[in-house]
Amino acid sequence: MPLPLALDAQDATPASPGLSTQPLTILQEVFGYGAFRGQQQAIVDHATAGGDALVLMPTGGGKSLCYQIPAISRHRAGKGVTIVVSPLIALMHDQVGALEEVGVNAAFLNSTHSQEDAQRIERDMMAGRLVMLYAAPERITNLRFQAQLASLHERGLLSLFAIDEAHCVSQWGHDFREDYLQLSMLHERFPDVPRLALTATADDSTRADMIERLKLEDARVFISSFDRPNIRYALVEKDEPRKQLLRFIRDEHDGDAGIVYCQSRKKVEETAAWLTEQGVSALPYHAGLDASVRQKHQDRFLREDGLVMVATIAFGMGIDKPDVRFVAHLDLPKNIESYYQETGRAGRDGGDADAWMTYGLADVVNQRRMIDESPAHDDFKRVQRGKLDALLALAEAHDCRRVRLLGYFGEASAPCGNCDNCLNPPATWDGTEAARKLLSCIYRFWQHGQNRFGAGHLIDVLRGKHTDKVAQYGHDSLSTFGVGSELSDNQWRAVLRQLVSLGHVVAEGEYNTLALTDSARAVLKGGVQLTLREAMESPKRGRVSKAGGKPAAAPADLDGDALSRFADLKAWRAEVAREHNLPAYIVFNDATLADMARVAPQTLGELSAISGVGAKKLQAYGEQILTVLGR
Ligand code: ADP
Ligand code: ZN
């Protein structure tokens, strides 16, 4: 099949005569996509023309093309190699594999190459034949590499620097920070080489940090909407977290790929083992596992269908698996930035996805304590506390979660209709009286014997239970004994959790004993009205039931023949992916396969019209696909 490469005369360049430098043409021919999304076009035009840019775009927004297309265009125009700085060596293999699949000459440098391969790559780079070279930040500061960059630069073959995950440079994004800080040298050494910094982290402090540290003061800033409309947010009260998780997976995500975040390594291991016992295919991932085990689990997650990864936050950065259908949190994340980044790993392909979290009193207490006890500076702690408060406000919110999330990133929006609170508005009640009873009970403890107690005893006293401890301390003589018999244990826990969230009560020390804060006084005095939310479970998504005969994770609108074509295409794709040692979605993603199954093209021409089928893939796989489709 001849490639559609008829070009304007001005497109032809000495470097790659006959190949277009037009971004849209590259998008269509190389990547097989019909149109740019959102701000991609503006970003690509700006970078292709040699401007510096800072790109803030949510996960799944399509950042890769923002530097890949300028890299290809500029290479075709004879400007040489684009250096892509990316923090995770483990993922470069797949990123480069994806580019090779679409016929772009890309490579990565790391210690896994044989000497021969490494030399070939360096030769390719030094000759300006490579379009993109992926490198970890620590390589940039390597003297030999610096000398190579200088040589390329002298010969006009250093085209562009793309700095992915640029938030790593910020003091709020610790990982890899030292290496990222060195990247400011790129600008000092090669001031005329354009730079494109990209991140999915958008809060003001991180943005300011990136601009300052990477010396991007003159760069154009492109801010995309951070909304991820296909992700449904739900935050449920913790009851029996594991069982809640299992129910959520079974009811809504049977057979789907997902990520479950836990705070501790131990909990990761226990949860993965337990899910496996319950018949869910789950793997653990945390920094305490052997590097080879981590790598193996990550590979399996990327390459196999329907695996659940149970992980600490050590897992996820740079994971570009597009068909992760849910992200669940069994523990409270650090702050809203982390929450949004972690949940953003769901649904990159634009299909329905869930962000689901359970949280309870202990989470609130733990997170507060972790900040208090950290060795950090007071200023830093104050910022962290503020960030935690914002997250807790999100968790306790009665209104649209998305409005609050986007609002946190400075974006105004209307209620979304796709979060738990929108779908099932929570019942609220005036908890002022209950809160005052609870606070005054803590006050009485202190007054009575200068002693402090935990949540269990507090609730026993409020509910008027004659326990041993009540007798021991004579707490049945307190004026608050039994004043709260109208609420259940659970309801009192919810009241307490919300009071801790709001900062009126703190839990301290080894036994989480409770104490009042200054702000409790205003509530006790009656100056503050408290609207509290009642507990509720997450709403169901109401998908086509898997029992209805659909294979797990099939697009909802496929049926009959299309469904069987989809299954055939998936089997064929798995075969190719194995041969190429790449994740299946890099060969073709689910959306592209679903389109093929729907349309059932009979000719190469018809096949080339499917989104995601570029020239190289058409050439490499076209005939095979038509055969699979039974032409
Ligand atoms: P990010 O790095 O911002 O998280 P990616 O670059 O991985 O996002 O893109 C997410 C998905 O969207 C990928 O599968 C990508 O191929 C697809 N995509 C990006 N831009 C387009 C486009 N203009 N048309 C169709 N698909 C696109
Ligand atoms: Zn909503």
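Q: Which exposed residues sit on the face of α12 turned away from its buried side?
A: That face carries Lys266 and Glu277, where exposed means over 50% relative accessible area, buried under 20% and partly exposed in between, with a 1.4 Å probe and protein chains only. Please bear in mind that this is a predicted model, in which local features need pLDDT of at least 70, side-chain atom pairs count only at pLDDT 80 or more, and totals for chains, interfaces and linings use all residues. Residues are numbered from 1 along each chain as its sequence is written, chains are lettered from A and ligands numbered from 1 in the order in which they are written, and side-chain values use heavy atoms, leaving out hydrogens and water.

Q: And which residues of α12 are buried?
A: Val268, Thr271, Ala272, Trp274 and Leu275 are. They lie on the same side of α12, because they cover an arc of only 165° around the axis, the arc being that of the directions from the helix axis to the C-beta atoms.

Q: What do they pack against?
A: The buried residues of α12 pack against α11 (241-252), β10 (282-285) and β11 (308-311).

Q: Switching topic, is Asn421 buried or exposed?
A: Asn421 counts as buried, because its relative accessibility is 4%.

Q: Which backbone oxygen lies 2.8 Å from a polar atom of its side chain?
A: That of Asp399, a residue that is also among the contacts of Asn421 beyond four places in sequence, which include His398 and Arg533; contact here means heavy atoms within 4.5 Å.

Conventions
Polar contact = N/O pair within 3.5 Å; in protein donor to acceptor, adjacent residues only side chain to side chain. Helix = DSSP H or I, 4+ residues; strand = E, 2+ residues; numbered from the N terminus.
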